[in-house]
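User: I would like to learn how to read a model of a complex. Could you take me through it feature by feature?

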Amino acid sequence: MNATKTSKTLLAAAVMAGTLCSATAAFAGTQNSASATGTTNTRIITPISLTYVSNLNFGDVVSSSSAGTVVVTTAAARSSTGGTTLGNSTGVAAAAFTVGGQGSSTYAITLPSTSSIASGANSMTVDAYTSNPSTTGTLSAGGSQGLAVGATLNVGASQPTGSYTGTFNVTVAYN
Amino acid sequence: MTALACINPTTSREAKAALLVPIVTPVVDPLDVFGSSFMIAASLTVTQTQALNFGTVAAPGSGIGNLAINPNGGARTYDTANSAIAADAFSFAIFTVTGGQGTKTYTVTLPASATVGGCTVTFSQWSAGGDVFSGGNDSFNVGGNVAIPAAATAGNYTLANAGAVNVDQASGSRTGTDDLTAVHLKITKPLALTKTANPSFGDVVAGGTAGTVLLTTAGARTSTGGVTLGNGTGVSAGTFSLTGEPSTAYAVTVSPTTLSLTGPGTAMTVDTWVLSPTSPGVLPAVPPATLLVGGTLHVNANQTQGSYTGILTVSANYQ
């Protein structure tokens with residue numbers, strides 16, 4: 001005979017199976033896999049280097065009763081503003097460096113925001129540093145690139161005469 | 001049974017007594033008095049109390065996979081090396097039989113076979129202590145085997161009625177039947193994993209001391225120790241595309257745990273793999289899922305310059 005049945009939903013089955021799964025769980029996971037391979041890669045490269053070649057030189061500058069500036073571009077072109085005028089240009093130069101490293105790599109250039117030069121007790125500030133290449137350089141395939149740095153010299157009113165010197169730092173790092 | 005109650009009105013105290021009248025089962029079954037030639041059909045009541053549920057299984061990559069549920073103990077096995085069962089609910093069917101005689105044996109006839117989800121199911125039966133009534137009652141389990149071809153179509157299948165389960169005591173003196181209903185099988189799409197991008201740590205500068213490069217699943221790098229980073233061109237987390245059954249749990253493993261990268265110098269290692277999404281995960285409603293793999297590269301002191309590579313394997317399993 002066919003007994004009248006209540007609905008045999010899968011819920012009932014799920015309750016029962018809860019006690020059985022633990023015994024069989026070991027079957028799962030060992031065979032139902034899909035896999036793919038990937039090639040992990042990296043490259044150990046030449047460290048980046050920065051070599052000093054020559055100094056930034058503003059040449060001879062004439063101060064006056066009013067302040068002014070002298071700009072030396074990365075191409076070593078010189079100009080003045082305000083009460084400052086230009087003297088003899090002998091020795092005027094942008095700073096020069098050579099960057100070395102892994103061929104074709106790019107690198108970031110960090111310039112000082114300001115620095116000072118002094119002659120005895122007297123000093124002036126140098127700021128608005130510029131470089132060529134600007135901000136980011138790219139090494140040649142052979143792994144080198146020249147780097148030129150210019151800046152702006154701020155000459156005070158009635159700046160005392162003298163030979164002023166100072167130092168500044170340039171930093172390069174791989175991008 | 002008759003119960004008598006006596007109340008004594010003079011004391012207001014109550015006393016109750018029960019009179020038990022035992023009903024004794026005849027030692028000889030009345031049906032047997034007449035012998036088989038006078039057989040009167042009596043009924044066994046057969047009732048299915050639990051469905052046969054094969055649970056979820058991935059179709060095999062090729063050939064036929066046989067998925068079996070043992071009616072004795074309920075273990076589920078799958079014989080294919082190409083796909084496997086999910087760790088979900090499954091069960092054998094249970095039938096109860098009442099109205100049998102004493103401790104007589106009985107026989108069970110199962111449906112020869114059935115088809116669910118395009119797969120052929122055969123049935124098997126088991127009862128604790130053999131097919132013997134105890135006080136006229138017993139129960140037995142029905143398991144089975146489902147043969148799943150590689151071409152099986154993914155789906156959630158339930159066979160409403162697989163056919164009659166007949167129970168027969170003493171060559172037909174008492175019989176009963178019930179249909180084996182609700183045979184359930186879910187076939188899933190096989191998992192498939194493809195690589196879309198290699199894990200790449202990019203250019204790295206070794207130093208005089210060892211160090212590491214951490215590559216996140218977002219493809220970002222950081223370095224520690226004597227190691228600094230070179231150009232990030234081509235830096236990428238490993239990227240894999242996983243397809244399979246929608247909204248289904250999976251787990252991912254990356255091997256080897258420690259991968260050796262070989263190149264012109266001393267081998268380097270990559271370990272501490274990280275995954276996004278983390279494992280286990282659930283396939284989206286519309287696969288694929290994108291799996292991202294990062295890790296930690298260990299660079300030796302003064303590592304020789306050059307390119308280093310190693311092959312990792314990413315595996316995904318249904319949960």
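Analyst: We will go through confidence, aromatic pairs, cores, a salt bridge and a loop residue.

User: Where do I start?

Analyst: Start with confidence, since this is a predicted model. The predictor gives the complex an ipTM of 0.70 and a pTM of 0.65. Chain B has an average pLDDT of 86. In that chain, 84% of the residues score at least 70.

User: Which stretches of chain B have a pLDDT under 50?

Analyst: One of them is residues 1–15. The model has 10 contacts there beyond four places in sequence. Residues 24–39 of chain B are also below 50. That stretch has 12 contacts beyond near neighbours in sequence.

User: Next, aromatic rings. How many aromatic pairs are there over all chains?

Analyst: A search of the whole structure finds five. To classify a pair, look at the angle between the ring planes: under 30 degrees is stacked, over 60 is edge-to-face. Take A:Tyr52 and A:Phe97: the centres are 6.5 Å apart and the planes are at 75 degrees, so this pair is edge-to-face.

User: What does the pair of A:Tyr52 and A:Phe97 tie together?

Analyst: A:Tyr52 sits in strand β2 of chain A, and A:Phe97 in strand β7 of chain A, so the pair links parts 45 residues apart in sequence. A:Tyr52 is partly exposed, at 47% relative accessibility. A:Phe97 is buried, at 11%.

User: And B:Phe95 with B:Phe140: what are the ring distance and the angle between planes?

Analyst: The centres are 5.5 Å apart and the planes are at 10 degrees, so this pair is stacked. B:Phe95 belongs to strand β8 of chain B and B:Phe140 to strand β12 of chain B, so parts 45 residues apart in sequence are tied together. B:Phe95 is buried at 0% relative accessibility. B:Phe140 is buried as well, at 1%.

User: How do I read a nonpolar core?

Analyst: The largest nonpolar core has 36 residues. B:Phe140 is among those with the most contacts inside it, as are B:Phe54, B:Phe123, B:Ile148, B:Leu180 and B:Leu185. A second, separate core has 35 residues, including B:Leu215, B:Val227, B:Leu261 and B:Val299.

User: What does B:Leu180 touch?

Analyst: Leave out residues up to four places away in sequence. B:Leu180 then touches, among others, B:Phe95, B:Phe123, B:Val142 and B:Val165. Its contacts also include B:Gln48 and B:Asn161.

User: Now charges. How many salt bridges are found over all chains?

Analyst: The search finds one. The side chains of B:Asp203 and A:Arg43 meet at 2.7 Å, N to O. This pair crosses between chains. B:Asp203 is in strand β16 of chain B, and A:Arg43 is in strand β1 of chain A.

User: Last, a loop residue. Where is B:Ala112?

Analyst: B:Ala112 is in the loop between β9 and β10 of chain B. It is exposed, with a relative accessible area of 71%. Beyond neighbours within four places in sequence, B:Ala112 is in contact with B:Val121 and B:Thr122. Its C-alpha atom is 9.2 Å from that of B:Ala162, 50 residues apart along the chain.

Technical notes
Residues are numbered from 1 along each chain as its sequence is written. Chains are lettered from A and ligands numbered from 1 in the order in which they are written. This is a predicted model: local features need pLDDT of at least 70, side-chain atom pairs count only at pLDDT 80 or more; totals for chains, interfaces and linings use all residues. Side-chain values use heavy atoms; hydrogens and water are left out. pLDDT is the predictor's confidence in each residue, from 0 to 100. Contact means heavy atoms within 4.5 Å. Rings of Phe, Tyr and Trp (its six-membered ring) pair if their centres lie within 6.5 Å; planes under 30 degrees apart count as stacked, over 60 as edge-to-face and the rest as tilted. Helices (H or I, at least four residues) and strands (E, at least two) are DSSP runs, numbered from the N terminus. Buried means under 20% relative accessible area, exposed over 50%, partly exposed in between (1.4 Å probe, protein chains only). A nonpolar core is a set of buried Ala, Val, Leu, Ile, Met, Phe, Trp, Tyr and Cys residues joined through side-chain atoms within 4.5 Å. A salt bridge is a side-chain nitrogen of Lys or Arg within 4 Å of a carboxyl oxygen of Asp or Glu.
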